Amino acid sequence: MDQRPLRVAVVGSGPSGIYAAEALTRQSDVAVEVDVLDRLPTPFGLVRYGVAPDHLSIRGIRETLWRLLRNPSVRFLGNVEIGADVSTDELRRHVDAVVYTFGAARDRRLGIPGEDLPGSLAATDFVAWYCGHPDVIRGPVEEALRPARSAVVVGVGNVALDVGRVLARCGALDHTDMPEHVLSALGGCPVRDIHLLGRRAPAHAAFTTKELRELGKIDGVSVHVDPADLAAHPVTDALVASDRAVARNVDVLRGWAGSPDGIGNPTSVHLRFFTRPVEILGTDRVEGVLVERTALTPDGRVVGTGEQAVIEAQLVVRSVGYRGVPLPGLPFDASAGVVPHERGRVVRDGAPAPGEYVAGWIKRGPTGVIGTNKSDAHETIETLLADAAAGRLLRTESPDSLTTLLADRGVRVFTLEDWRTIDAAEIALGESRGRTRTTLATRAELLDAVDSHQRIC
């Protein structure tokens, strides 16, 4: 009987991937060695490249994930892209099981005229830019910001609030770990009016109360809500009565509705409900957004009223959700944006495929908070371990040959020691500028930090 440790590859080093590795290594029924692979040189996924940099406490979860990655049975292999550097079939042949946790990488589109005008951005691109993602294309984002006096953010979820808050605080973010070019661009951004649009009622908004309240605590910023948006309706009244989180949100919004507080502040944030974009206006770039007033029917459907208006804007950021993308070699449900599965076990041609598993957004869709990924990953690992105990996994004959394959192909693999070096370099760069940390934002900068350290050593 094969007594060697089970070798599992986890694809993705965000919370889902690292929690999956934790669940594998903390159980004692079977010895396990885990390779955590990521196409980026750095770990932590959306915790590093998706959480707003001014949310210091949430970004602090990186320390927890960092501790989990340091488990002696876990090996980080960064800068390895599945489908380019190694195929899914090849990966499967080099390990005993694979857990895919690569998330939902693309934004949803509005599907309206003018969406591709310069000055119209996806929230995924804007967030990646201000977080210092190494793959972001800076030009379109910075060119969109430069002339923007008024901005429209389409969406009323937490990401939309993050975008609106960053724009509202644009000159007061030096305490964060944003890259220097981001601070410079935001510091010169002339935005003074920010409109967040939701097509449904305030009770249907997806943001959390904590994030919502933050808007009202920004110096020099006033928040405005139309009292008409909070009018009684049987559908929304029932939501408020049955859901405490909804009730808290509505209470905060009522506090801002019609309030004269903040008049005279240089920056205004307008939370506009029952409003949907119809067209993004402009010739060479964004000049405004044509919107339509909506209403709720007695059964809760959203309908247009025909009442239209134009919001002057030079910047539009759409934040209406994420969607999963297929990975070559894996089945994909395009309508749901997920890999089909049964309790985390990938389903191929209608049947579960032991040895292939999913966790995180690519398993359940882009829902939940960071903590949701822990229970989700644990469910998947329970399925994997049950398959191992039942002898359903096909054990590879070369369990530690993946790194040899990557080396033979000239792939520059970033290790956990390389991340330690990058981490130290970012802290040192930040301290040299009076900050806690400054993010290195390009692959060249990340590689140079590692190579410089190796030359010194």
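## Charges and model

The 52 positive and 60 negative charges of the protein have mean positions that lie 2 Å apart, where Lys and Arg count as positive and Asp and Glu as negative, with His and the chain ends not counted, and where the place of a charge is NZ of Lys, CZ of Arg, CG of Asp or CD of Glu.

This is a predicted model, in which local features need pLDDT of at least 70 and side-chain atom pairs count only at pLDDT 80 or more, while totals for chains, interfaces and linings use all residues. Residues are numbered from 1 along each chain as its sequence is written, and side-chain values use heavy atoms, with hydrogens and water left out.

## Overall build

The protein has 17 helices and 18 strands, which are DSSP runs numbered from the N terminus (helices are H or I with at least four residues, strands E with at least two). Its radius of gyration is 24 Å, close to the 23 Å that the globule rule gives for 457 residues, so the protein is as compact as a globular protein of that length; the radius is taken over C-alpha atoms, and the rule is 2.2 Å times the number of residues to the power 0.38.

Of the 457 residues, 53% are buried, a term that means under 20% relative accessible area, whereas exposed means over 50% and partly exposed lies in between (1.4 Å probe, protein chains only). Among contacts with a separation of 6 or more, 75% join residues 24 or more positions apart, contact meaning heavy atoms within 4.5 Å.

## A covered helix

Helix α8, which runs over residues 158–168, is mostly covered, since nine of its eleven residues are buried. Among them are Leu161, Asp162 and Arg165.

Threonine 294 lies in strand β12, residues 288–296, and is buried, with a relative accessible area of 3%. Its side chain reaches the backbone oxygen of arginine 199 at 2.7 Å. Beyond the neighbours within four places in sequence, threonine 294 is in contact with residues including Arg199, Phe274 and Val302.

Aspartate 229 is found in the loop between β9 (221–225) and α11 (234–242), and at 3% relative accessibility aspartate 229 also counts as buried. A polar atom of its side chain lies 3.1 Å from the backbone nitrogen of phenylalanine 273. With neighbours within four places in sequence left aside, the contacts of aspartate 229 include Pro202, Phe273, Phe274 and Arg293, and Phe274 is also one of the residues in contact with threonine 294.

Note on methods: A polar contact is a pair of N or O atoms within 3.5 Å; within protein, one must be able to donate a hydrogen and the other to accept it, and residues adjacent in sequence count only if both atoms are side-chain atoms.
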